[in-house]
Amino acid sequence: MAKLELQDLTKAYSRDIVPVKRLNLTVEDNEFLTLVGPSGCGKSTILRMIAGLDQPTEGRVLIGDRDVSRLAPGDRNIAMVFQSYALYPHMTVGENIASGLKLRHLPAGDIQKRVQEASGVLGLDPLLDRKPAKLSGGQRQRVALARALVRNPDVFLLDEPLSNLDALLREQVRADLKQIFADQKSPIVYVTHDQTEAMTLSTKVAVLSNGYLQQLGHPHEIYKTPANRFVASFIGSPQMNLFPLSRTGNDVVLGNFRVPLPAGVHSSSVILGIRPEHLRLPRPGDALTVTGNVFLVENLGMHDLVSLKVQGDPSLSLRAILPADATWSRENLTLALPPETIHWFDGETEQRLSA
Ligand SMILES: Nc1ncnc2c1ncn2[C@@H]1O[C@H](COP(=O)(O)OP(=O)(O)OP(=O)(O)O)[C@@H](O)[C@H]1O
Ligand SMILES: [Mg+2]
């Protein structure tokens, strides 16, 4: 078993296209790192450089202190699962799973044993003799995962492996993945656009934007204490409400409402952030409230996603998640802002101010 280390990893496709800039990251054994960020921010490029499918412009890839930057993909002992799980159509499921091992000339007995293990874990036993054309999308994805698992790689790389599946199947395979990878010792680097996957599977999440690492941490840490405005707006769905506001004494003014700044904040302009799930109907004793007029209600089943225009400044709109069975009026709806759930960012640097 071996940790994966990226040192000053940089990729420039041209002078203007530099999706990865001096990236430093370590993924230890037993760690599950998820890369998230907007489309085009370099996630696949990072995986391809780790796998050896792309050459870094600068920097190094180390596996267990060994510099593999110059090694061919086949010499790195890395297993990669792509979004488009290219299976060999003329081979059966069993042969597909074994294909990587056959290339490495392992004894037939060993190959059979490993294929059986992986097929058992992924529930593929009844399908071993079928051809891929006769499988569902989810079954094909499991075959691609099994083919990666049997390899016993030093590092697992997965690039949006579930994005072709429908919502139900995604949930099921996500739960399977969690169990399968709980028994894996090798470092895992996973790419997804799905926040639930990132939150539930990862031990660490790396948020990327503009070629740079914006924040690295446990998924809950990133949700609770986003390091800057970008991370605050990117992590969490629906998005955090973010209001750029000017300072008036020790307060900021949000529509007709005053919100005191936390002690020790000296910025002349700030951004106040509050997640839709943290706004709630007021209870006696709530000191901080905001009132608005509702212009949209989206029913999400258990909850309503309610959009309001803030009283006193209709250019500000606010979204709140309220229980679907609650009663409230569309005019003059007052919501509480629990002070401990407010996030503060500097108006200019956009970096986090509150702890
Ligand atoms: N071979 C290439 N030549 C030039 N530019 C490229 C090449 N491959 C990727 N790029 C550019 O590099 C940037 C990063 O691409 P990459 O595929 O890593 O993004 P990504 O984060 O995986 O996006 P997505 O979420 O859409 O998969 C993009 O701007 C892309 O257009
Ligand atoms: Mg990609």
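# Questions about strands and helices

Modeller: Strands E7 and E8 (residues 188–191) pair in the parallel sense, over four bridges. This is a predicted model, where local features need pLDDT of at least 70, side-chain atom pairs count only at pLDDT 80 or more, and totals for chains, interfaces and linings use all residues. Residues are numbered from 1 along each chain as its sequence is written, chains are lettered from A and ligands numbered from 1 in the order in which they are written, and side-chain values use heavy atoms, without hydrogens and water.

Biologist: What makes E7 and E8 a pair?

Modeller: The bridges do. Pairing needs at least two bridges found by DSSP, and E7 and E8 have four. In one of them, Phe156 has Ile188 in E8 as its partner. Strand E6 (residues 78–81) also runs parallel to E7, again with four bridges. There, Val81 stands opposite Leu158. Strands (E, at least two residues) and helices (H or I, at least four) are DSSP runs, numbered from the N terminus.

Biologist: Why is E7 called mostly covered?

Modeller: Look at residues 155–159: five of five are buried (under 20% relative accessible area; exposed is over 50%, partly exposed in between; 1.4 Å probe, protein chains only). Val155, Leu157 and Asp159 lie on one side, Phe156 and Leu158 on the other, and both faces are covered.

Biologist: Why are helices H4 (residues 137–149) and H5 called roughly parallel?

Modeller: Their axes come within 11 Å and cross at roughly 15 degrees. Angles under 35 degrees count as roughly parallel, so H4 is roughly parallel to H5. Residues in H4 that meet H5 include Arg142 and Leu145; among their H5 counterparts are Leu169 and Val173 (contact means heavy atoms within 4.5 Å).

Biologist: What makes helix H1 (residues 43–51) largely enclosed?

Modeller: Seven of its nine residues are buried, so the rest of the structure largely encloses H1. Among the buried ones are Ile46, Leu47 and Ile50. Just after H1, Gly52 takes a positive phi of about 95 degrees.

Methods: Axes are lines fitted to C-alpha atoms, for helices over the stretch in contact, and angles run from 0 to 180 degrees between N-to-C directions. Angles under 35 degrees count as roughly parallel, over 145 as roughly antiparallel, 65 to 115 as roughly perpendicular and the rest as oblique.
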